[in-house]
Structure formats: C-alpha cells, structure tokens
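Biologist: I have a model open and would like to learn how to read it. Could you take me through it, one feature at a time?

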Amino acid sequence: IARAPVPVFTGIGHEIDRSVADEVAHHAFKTPTAVAGALIARVAEAESSLERAATRLAQLTSRRLVGAANDLDTRLDRVARAARVADTRATTHLNSIRDRLGAGARRSLRDADRSVRRRVDRLGAAPARHLDRASSRLAIAQARSDASDPRRLLERGWTITRSDDGTLVRSVTGIRAGQVLTTTLIDGTVTGTVDSVTTEEHAHDR
C-alpha cells in the first residue's frame, strides 16, 4: 500500500480499531461507504474541472475568432481606402498628362495608362490575399479548438478505461485476471472482466 503508484483509500469499518493499512494509506475512512462517497466526490470534482476547462477553451477560441474577424475587416477597409486613393491619384495624374500632351502624345498616354492599370490591378489583388491569409488563420484556430475537445477524441475511436476503483488504466501493469474494467466510449460505457493480461513484449514474442 505504501509503495502503490496511486493513492490507496481504506475503509475497514472497525471504528474502534486502526490497522497498519490505515496508517500507510493515502487516506483512511471509517467505512467502505465513506470510501465510495469520497471517490464519487473526486470523480465529480474532476468532471467539473474538465467542464470548466472546456468552457474556458471555448470562450478563448470564440474571442480569438472574433478578434481575427475584426482584424480582417479592418485590413480590408484599409486596403479598399488605399485602392480608392491610389485610383483617384492615378486618374488625376492621367488627366494632367492628357491635358499637357494633347493629341501629339498618344503613345506616351497609352504607356502611362497601362502603368496605371497595372498598379490598380495589383492593389485590387491585395484584399484577396489578405482574405486568404485571414481565412487560413481562422481555419487553424478552429482546428486547434476541435482537437482539444475531449468528445472529438472519443469520436475518433479513442476510449477511456478505468479499473474497478475508478482509477484510469494507462498500462497493463497492475491489471490482473478477474478484475472488472469499465471502458467509456462516445455513446456509453462497457463493463467487462479481464480474462488474461499480455504485455507488449510478450505479444511481440508470439
């Protein structure tokens, strides 16, 4: 009991006696019922903590998505204003050139017009690039949020197995034949009895 890798609770039930097991246990209760009550309380506390963490994660993700959307809107407005200003300036400049050159400078006028159109085209493509980048950031944030959802792991086929005392089973170490295990899946739980235990090393030998 003293060397157990997980906390051991005792509830022998003899109130006037205190055994050696009570002395070395993580916590000694007066009765088995009291032990069960303590375990239920701890499980409830863990579930509550998980729910709070999930709520905080959802709130944080929502705030970041809203912030990203606002940032995208702001950048799009800036690019649009810059495009309009550039277009206005270019048009003014073109009209000035036309006034100065007149009919004898059509070739120079065509060159200047092509240059203006190229600049306008580059400015017009800028909002699309910013939109693509912002969409990629939003997709990454959503993917991270989904990957952190415990239900997503269960939907992908992961399960959670606990021993008969409610302890999470992370290894075959300590599991014995005849022990009752409970496995949580996406749509419920399965309770079964261990027939045999095979380590990974022995499985490779076979």
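Predicted model: local features only at pLDDT ≥ 70, side-chain atom pairs only at ≥ 80, totals over all residues.

Biologist: How many helices and strands does the protein chain have?

Modeller: Five helices and five strands. Read from the N terminus, their order is β-α-β-α-α-α-β-β-β-α.

Biologist: What radius of gyration does the protein chain have, and what would a compact globule have?

Modeller: The radius is taken over C-alpha atoms, and the globule rule is 2.2 Å times the number of residues to the power 0.38. For 206 residues a compact globule would come out near 17 Å, but this chain has 35 Å. Its C-alpha atoms fill a box of roughly 115 × 45 × 30 Å along the principal axes.

Biologist: Why does the span of helix α2 agree with its number of residues?

Modeller: The expected span is 1.5 Å times one less than the number of residues. Helix α2 has 70 residues, 32–101, so it should span 104 Å, and its end C-alpha atoms are 102 Å apart, which agrees. After α2 comes Gly-102, with a positive phi near 70°.

Biologist: Which residues of α2 are buried?

Modeller: Buried means under 20% relative accessible area, exposed means over 50%, and partly exposed is in between, using a 1.4 Å probe and protein chains only. In α2 the buried residues include Val-35, Leu-72, Val-79, Leu-94 and Ile-97. As background, an α-helix has 3.6 residues a turn, so residues three or four places apart point the same way. Over the protein chain, buried residues make up 14% of the 206.

Biologist: What does His-130 touch, leaving out residues up to four places away in sequence?

Modeller: His-130 belongs to helix α3, residues 106–147, and touches Leu-72, Arg-75 and Val-79. With a relative accessible area of 24%, His-130 is partly exposed. Ala-36 lies 94 residues from His-130 along the chain, and their C-alpha atoms are separated by 58 Å.

Biologist: Is Thr-10 buried or exposed?

Modeller: Thr-10 counts as buried because its relative accessibility is 8%. Thr-10 is in strand β1, residues 9–10, and its contacts beyond four places in sequence include Ala-21, His-27, Phe-29 and Val-35.

Biologist: And where is Arg-152 found?

Modeller: In helix α4, residues 150–155. Arg-152 counts as partly exposed, at 37% relative accessibility. Between Arg-152 and Asp-132 there are 27 Å in space, C-alpha to C-alpha, and they are 20 residues apart in sequence.

Definitions and conventions: Residues numbered from 1 in each chain as written. Heavy atoms only, no water. Helix = DSSP H or I, 4+ residues; strand = E, 2+ residues; numbered from the N terminus. Contact = heavy atoms within 4.5 Å.
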